[in-house]
Amino acid sequence: MQNTSVEPSRDCPLCPRLHDFIALWRQREPGWFNAPVPTFLPPEGEDAVRFLIVGLAPGLRGANRTGRPFTGDYAGDLLYETLIRFGLARGRFEARPDDSLELISTAITNAVRCVPPENKPVGAEINTCRTFLVPTLKRFKNLEAVLTLGTIAHQSTVRALGGRVAAHPFRHGGRQEIGDVTVFSSYHCSRYNTNTGRLTTEMFVSVFSEVAEFLRK
């Protein structure tokens, strides 16, 4: 059940740098997805979503290649393993969009839908893509909790919810109320963060434990 009105078109031209970067990779790797990556929904559709995860942007050889958020690179290994552990996903994650993985009451999206060069979107691109993040948040009428992965995703989500970044700063393990939604925050589950020890598996699991407890209430 995909509401395309809240998703960018396959050839979205709003961010010229990102559009050109994808065009380049369409030439290099025509078998890849190479387009804005849509929100990943549970099979029951958007009305079943109580929990939304917001990442930064698709990875070049991850979601940009496969077309599904956090699928095809290390960040997905940790994220989906943790979701399954807490009953927020089922099936088997095999890092491809046709595996048996299904989300449970959960959706996953990115603050920036197109892959940016060097995994670094610029401010104008983050702001422009918020025109899709705002309706994405609104499409889930039963949404109770959001988990933001990293500072950029957190700040863009706060703004999309109508909050002030100064009043809702990012911190790992944070929990804040913005309107009717509870916003949790974590360092991004990237290979860089885990390799450097900035984010350990235990730290990530701890955040999800708090989210799961909140959703059980």
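## Close-up views of a predicted model

View 1. Helices (H or I, at least four residues) and strands (E, at least two) are DSSP runs numbered from the N terminus. Residues are numbered from 1 along each chain as its sequence is written, and side-chain values use heavy atoms, with hydrogens and water left out.

**View 2. The surroundings of Phe 51.** Not counting residues up to four places away in sequence, Phe 51 touches Leu 83, Leu 88, Ser 105, Thr 106, Ala 107, Leu 143, Ala 145, Val 146, Leu 147, Phe 208, Val 211 and Leu 215, contact meaning heavy atoms within 4.5 Å.

**View 3. Strand β1 within the open sheet.** An open sheet of five strands has the order β4-β1-β5-β7-β6, with mixed pairing, two strands being paired if DSSP finds at least two bridges between them. Its edge strands, each pairing on one side only, are β4 (106-110) and β6 (175-178). On average, and with direction ignored, neighbouring strands of this sheet are turned by 25 degrees against each other; axes are lines fitted to C-alpha atoms, for helices over the stretch in contact, and angles run from 0 to 180 degrees between N-to-C directions. Strand β1 (residues 51-55) pairs in the parallel sense with β5 (residues 145-149) over four bridges, and with β4, again in the parallel sense, over five bridges. Ile 53 stands opposite Leu 147 in β5. In a regular strand the side chains alternate between the two faces of the sheet. From β1, Phe 51, Ile 53 and Gly 55 point one way and Leu 52 and Val 54 the other way, and all are buried. Because five of the five residues of β1 are buried, this strand is largely enclosed by the rest of the structure.

View 4. Helix α3 (residues 74-85) lies across β1 and β4 and runs at about 165 degrees to β4. Helix α5 (residues 151-160) lies across β1, β5, β6 and β7 (181-186), running at about 140 degrees to β5.

View 5. The structure holds eight aromatic pairs; rings of Phe, Tyr and Trp (its six-membered ring) pair if their centres lie within 6.5 Å, and planes under 30 degrees apart count as stacked, over 60 as edge-to-face and the rest as tilted. One of them is the stacked pair of Trp 25 and Trp 32, at 5.3 Å centre to centre with 0 degrees between the planes, and both residues are buried. The rings of Tyr 80 and Phe 93 have their centres 4.7 Å apart and their planes at 35 degrees, so this pair is tilted. Since Tyr 80 lies in helix α3 and Phe 93 in the loop between β2 (89-90) and β3 (102-103), the pair ties together parts that are 13 residues apart in sequence. Phe 21, Trp 25 and Trp 32 form one aromatic cluster. Arg 28 lies over the face of Trp 25, at 4.9 Å from the ring centre, and the charged end of Arg 10 sits over the ring of Phe 33, 5.4 Å from its centre, the criterion being NZ of Lys or CZ of Arg within 6 Å of the ring centre and within 35 degrees of the ring normal.

Notes:
Predicted model: local features only at pLDDT ≥ 70, side-chain atom pairs only at ≥ 80, totals over all residues. Buried < 20%, exposed > 50% of the residue type's maximum accessible area, 1.4 Å probe, protein only.
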